[in-house]
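I opened the file to look up the metal site, the charge pairs and the surface patches. My entries follow in the order in which I made them.

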Amino acid sequence: MNQNLKTFLSPFMYGKEIPSVAIAGPCSAETEEQTLATAQALAKIGIPVFRAGIWKPRTRPGCFEGVGAIGLKWLRRVKAETGIAVATEVATGLHAKMALRHGIDIIWIGARTTANPFALNEIAEILKEYPETPVMIKNPVGPDIDAWTGAFERLRRAGIHRLAAVHRGFSHFSPSPYRNNPEWSVAFELRRRHPDLPLIVDPSHIAGKRELVGPMAQVALDLGFDGLMIESHICPDCAWSDKQQQLTPDQLADLCAKLKIREDDAPSRELDILRDHIDLIDNSLIDLLRQRMEAAENIGVYKRHHEMPVLQEGRYRDLMEKRIAQSTALGLSETFMRRLFQTIHAESVRLQLLNDNECDGVQS
Ligand code: PEP
Ligand code: MN
C-alpha cells in the first residue's frame with residue numbers, strides 16, 4: 001500500500017489498515033433506503049469510504065441523472081449511522097458548495113468534468129474555503145494525459161493539496177471487451193509525472209461487466225496501483241444506472257477475499273540479475289533500431305535519386321506478412337508484432353519524407 005494513499009485517507013482511518021478496496025458504493029444514490037442498506041452492508045465488510053453519485057453526468061440524454069441535493073441528506077445519515085466516510089461526484093461550483101456544506105468527506109471530479117477548465121475553476125474557487133478536503137480526479141474520457149495532469153495543477157494552484165487520481169479507463173471506437181479500455185500506460189505516465197499522487201483504480205467503469213470486475217481489480221493490484229474503488233449496490237439488477245457492472249456487497253466481499261496482494265519488498269538479488277538481463281537486451285534493441293533507421297534513410301536516398309515514391313504499398317504488405325509470419329512462428333503475439341512493425345515502418349517513412357523535404361528546402 002502506497003504511503004500517499006494512507007496520507008490521503010488518514011482522516012478517516014483512525015490508525016486502521018486501508019483495505020485494497022478502499023472505496024465502494026452504488027453508482028447512484030437512488031432512494032434513502034437503497035443508499036442506507038447498501039452502506040450498512042458495506043460497512044459490515046469493512047469498506048472505509050462509501051461512494052454514491054447524486055449528480056450524474058450521463059453521456060446520452062434521457063438516462064437517470066441523479067437525485068440531486070436531496071441525496072446529501074441521505075449521505076449524512078450514512079455517515080451518522082455507519083461511521084464510514086462519504087464521497088460524491090461534483091461537476092460544478094454549486095455542487096461543490098452544497099456537498100461541502102453538508103459535510104461530504106471526499107469529493108471526486110468525474111471523467112466528463114476533468115477536461116473542463118471552467119468547471120474546474122469554479123470547483124477550485126469553492127474548495128479554497130475547504131482546503132483540507134480530499135479530492136479525487138478521474139481521468140478524462142479520452143486518453144489526454146495533459147488534461148488529466150492539468151486538472152491536478154489547477155486545484156494545486158488553488159491551494160488544494162490532498163489529491164488522488166482515479167484511473168477509470170478510456171472511451172474507444174473499436175470493439176473492446178471493456179466498457180473503457182484500461183490503457184495502463186497513461187496511468188503510468190501520470191505516476192511518472194506526479195510520483196506523490198495516490199493512484200486508485202476503478203475496475204467497475206473499466207470492465208463495464210460484473211464478471212470482469214474481479215480480474216481487472218487483480219490486474220490493477222498486480223501492476224502496483226494503490227487502491228480500488230468498486231461499484232456495489234444492494235440489488236444491482238434493480239440499479240438505475242450502471243446495473244451491469246455493480247456487485248452486491250456479498251459479491252464484493254467475495255472479490256476482496258480472493259484478491260492477492262503482492263508483497264512490496266525491496267528488490268531481491270535474483271530480481272536484480274533478471275533486470276540486468278532485460279537492460280542488456282534493451283540496449284541491443286536500441287542499437288538495432290538505430291541501425292534499422294539508418295538503413296531506411298539510405299533507402300530513402302536511393303528512392304530520391306531514382307524519383308521513386310517513398311511509400312510502396314506492395315513492399316509494405318509483403319514486409320508485414322513476412323515479419324508477422326516469422327514472429328508468430330516464434331510464439332510472439334500477432335497483435336503486438338503487427339503494432340510494433342507498423343510503428344517501425346511509420347518511423348522509417350517519416351525519416352524518408354523528412355529527408356525528401358530537407359532536400360527540397362536546399363534546392364529552393
Ligand atoms: C461514476 O463514478 O459513477 C462515474 C460517473 O464515473 P466516470 O466519471 O468515471 O464515468
Ligand atoms: Mn457508475
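**Conventions.** I am working from a predicted model, in which local features need pLDDT of at least 70 and side-chain atom pairs count only at pLDDT 80 or more, while totals for chains, interfaces and linings use all residues. Residues are numbered from 1 along each chain as its sequence is written, chains are lettered from A and ligands numbered from 1 in the order in which they are written, and side-chain values use heavy atoms, with hydrogens and water left out.

**Metal site.** I looked up what holds the manganese ion (ligand 2) and found C27 (SG), H205 (NE2), E231 (OE) and D242 (OD) coordinating it at 2.1 to 2.4 Å. Donors here are N, O and S atoms within 2.8 Å of the metal (3.2 Å for Na, K and Ca), and since water is not among the atoms, sites may look incomplete. I noted the spacing of the donor residues in sequence as C-x177-H-x25-E-x10-D. C27 lies in the loop between β1 (21-25) and α2 (32-44) and E231 in strand β8 (residues 227-231), so this pair ties together parts that are 204 residues apart in sequence. Helices (H or I, at least four residues) and strands (E, at least two) are DSSP runs, numbered from the N terminus.

C27 is buried at 2% relative accessible area, and E231 is buried at 1%. D242 is buried too, at 12%. The classes are buried under 20% relative accessible area, exposed over 50% and partly exposed in between (1.4 Å probe, protein chains only).

**Salt bridges.** A search of the whole structure gave me 19 salt bridges, each a side-chain nitrogen of Lys or Arg within 4 Å of a carboxyl oxygen of Asp or Glu.

R179 is partly exposed, at 35% relative accessibility.

D237 pairs with R210, the closest N and O atoms being 3.5 Å apart. D237 sits in the loop between β8 and α11 and R210 in helix α10 (residues 210-222), so the two tie together parts 27 residues apart in sequence. I have D237 as exposed at 56% and R210 as partly exposed at 24%.

Within helix α3, R77 and E81 lie four residues apart, about one turn of the helix, and their side chains meet at 2.7 Å, N to O. Both ends are partly exposed, R77 at 36% and E81 at 42%. I also logged a network of salt bridges that links D146, E189, R192 and R193.

**Patches.** Patches are made of residues with over 30% relative accessible area and no salt bridge, like charges being joined within 9 Å and nonpolar side chains (Val, Leu, Ile, Met, Phe, Trp, Tyr) within 5 Å. I found a nonpolar patch of about 390 Å² made by L330, L332, F336 and L340. Accessible areas come from the Shrake-Rupley method with a 1.4 Å probe, and for residues only the protein chains shown count as cover. L340 belongs to helix α14 (residues 334-363) and is partly exposed at 32%.

**One residue pair.** C63 is in the loop between β2 (49-51) and α3 (70-82), partly exposed at 34%. I recorded C63 and Y178 as 115 residues apart in sequence and 21 Å apart in space, C-alpha to C-alpha.
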